[in-house]
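Keep the 3D view open as you read.

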Amino acid sequence: MTTKQKTPIKRSNNPISNTTVQRAIASCNLLEDMSRHVVEYETLMETSFSDNVGRSVTSRWERKQAQQDKTKGKEQRPRMPLGAQSNGGRASSTSAPSITGSIASSASSSSLQGDRFIPNRGSMNLELSQHLLRTASGSMASANTSRDYADETNLSVEQLTAELDSKAISDATKNQYTTSLSNCMFGVDDIKSSRILSYQDKAPAPKGDTVNNLNILYSASASAAAKKTNVKLVTRSLPTAPCRILDAPDLMDDYYLNLISWSTENILAVALGQTVYLWNSETGDITELCTADGATYISSVSWIQQGGQHLAVGTSCGQTQLWDVDQVKQLRTMSGHSDRVGSLAWNRHILTSASRDTSIINHDVRVAQHAVATLQCHTQEVCGLTWNPDGETLASGGNDNLLCLWDASASASSRSQQPRFQLTDHLAAVKALAWSPHERNLLATGGGTADRTIKFWNSQTGALLNSIETGSQVCSLVWNPYEKEILSSHGFARNQLALWKYPSMAKIKEFEGHSARVLHMAVSSDGGTVVSAAGDETLRFWNVFAAPVKRKTTAADMTFAEVKSKTSWTAQVR
C-alpha cells in the first residue's frame, strides 16, 4: 500500500496587490452598470414605444419626481463583492439579487415614467385618431389621461387603456372618419367606390340607322373633323383671278341702281353715266347705243328674255325706254313714274319697272296703253325686282327692308293689288334677288350693310328656309345654272365674290380683285362666265361656272337591254 504524498503549493513570486483587486472590482461594477442600462433601455422601448396609442401619460412633475427617486435608489444600492460572481462574471441567484430582476422591479415601480411620449407615426391611424378627438370616444380618451378621472370612476389606468384599445380595434370605428370625410367632400358614403376623374354620363348610343356602329360621337378626333370640313366641294377647276378686265369709266357707285345686263345673244349692256354701251363678248366690239340729254343719267338696263334684240332702259327722270339694238333705234318711251327708275324686269311681253317713288308698274309693250297694273306696298325706293322662271311670281325688294311677293294674275289687273306675302326678316335694304333654276318656288335674297345675310324663301308658303351671315353687305346674287351653287357679291371691307354650295351653304371659294364694293353681276348666255361691276369702275370676268362635260358612252356604261337591242338591230341590218 503506497502512500500518496501531497505536493506542496508553491506561492507565486508576484503576489496580487491591492491596486489590482480594486481595478478588477471597478471593472465588474462598470460591466454591471452597462448591463443594467441595456436592460433598462429595452424595457423602455417595450413600454414607451409600443403601438398601443391609448396608454395614459403622467404629468411632467410626476415624471421628474420618479426620475429623482430612481437616481437616489441607484446611488444607495450596495456594490456586490467580487466573490459573489461566478460563471464568467454572471451574478449568482443565491448570493445576490440578479441584474434583470433589479431593473424589472425598478421599471415596475416607475410604471410608464419616461422623459416624454413619442408615438410611432408609421403604425398609427392618424385619421382615426383625429376623428376620435371630435367624438365622444375621443373626448373620453382625453379625459382618461388625467388621474382625477381614474379616481372618480374607480378604474385603473390599465382598464381604461384596454377599453380604448378594444374600441380602436373595431373596424366600424376605424372607417368612421373616412366615411364621414368622403360624405362631406364628395357626397358618397364610401370613398373607395368613387372616382374623381370619371365620366358621370355614358356616351350617347349611335342611331339605329347608322351604317357603321363604331363611328360614334367620341371616336372622331379633331384632325378627322378638320379633314372632313376640308373635303373638296367641287371637282372643277376654279379661277384665282379674272380672265378679263375692262375699264368702265363713269360707272356710278350707287347701291340702288342696276347698270349691267347680259343678253342671250351674248351682248353685254353697260350704263356709264348718261350713255349705254354694248360690248360683244365674241368679237370684242363696243357700240354706243344711246345718250341721255341734260342732267339725266341712266339708272337701269335690262334685256328682254326671248330674242335678245330689245333693251329696256330706265332713266333718272322717271321714263322707261325701249330700244331696238339691231337698228339702234328707240321704239317707245313709257312714263308713269315721278322719280328715277332703278330696277327693270321682263316677263314675256310685260316689262315691270320700279322707281324711287315707291311704285311698281307693269307695262305691256304691245299696246299703246302700256300701264296695265300699278303695285303699291313699299314705303321707300324699290331697288330689287325679278320674275321667277315660270312667270307666276314677282319678287320686289326695297330700301324699307321689305320683301314682297306678287301674283302674276293679280298684277295683270289695273286695280291696285296687295302682295301675297310681305316679309320683314331683313334688317336693311333688299336689293339682291335671285330665283333658283333648280327648285321651283325657291328665292334667294340678300340684305344691305345692317343685315349682311343671305336668306332663302319658299315663295309658295312664305316660309324662311335658311339664313346665312356673310359678314358684309350683299349687293348681288346669281345662281349657277348647272349646279346647286350660288354666287354673291359683297361690299366693305373685302369687296369679294363668294361661291356657296346649296343647301349646306358651305363656302366653296372667294374671289378677290375689286377695290370697291361689287354692285352688279350678270351671267353669260352659255352660263359659264360671270361679269362683275364695281365702284372701282372696272368690269371683271370670272369663269366660275362650267357646263358639265359630256363624255362618250362606252360599252361598260351600256346596260344589258341596250346591248341586246343594238345586237338585234345589227343582225337585222345584215
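Of the 574 residues in the protein chain, 38% count as buried, where buried means under 20% relative accessible area, exposed over 50%, and partly exposed in between (1.4 Å probe, protein chains only). Please keep in mind that this is a predicted model: local features need pLDDT of at least 70, side-chain atom pairs count only at pLDDT 80 or more, and totals for chains, interfaces and linings use all residues. Residues are numbered from 1 along each chain as its sequence is written, and side-chain values use heavy atoms, with hydrogens and water left out.

The protein chain has 12 helices and 30 strands; these are DSSP runs numbered from the N terminus (helices are H or I, at least four residues; strands are E, at least two).

Now look for the largest pocket, which has a volume of about 1400 Å³. On a 1 Å grid over the protein atoms alone, a pocket is an open set of points where a 1.4 Å probe fits, with protein on both sides within 12 Å along at least five of seven lines; lining residues have an atom within 4 Å of a point. Grid points are joined across faces, edges and corners, and the volume is the space filled by probe spheres set on the points. Of the 50 residues that line this pocket, W262, Q305, T386, V478 and V523 are the closest to its centre. Among the elements that give two or more residues to the lining are β4 (260-262), β16 (382-387) and β28 (518-523).

W262 also belongs to a cluster, linked by ring pairs to W279 and F541. Rings of Phe, Tyr and Trp (its six-membered ring) pair if their centres lie within 6.5 Å; planes under 30 degrees apart count as stacked, over 60 as edge-to-face and the rest as tilted. By this rule there are seven aromatic pairs. Y255 is buried at 4% relative accessibility, while Y256 is partly exposed at 23%.

Why is the pair of F456 and Y502 called tilted? Their ring centres are 5.0 Å apart and their planes are at 45°, so the pair counts as tilted. This pair links distant parts of the chain, 46 residues apart: F456 is in strand β22 (residues 453-458), and Y502 is in the loop between β26 (497-501) and β27 (506-511). F456 is buried at 0% relative accessibility, and Y502 is buried at 11%.
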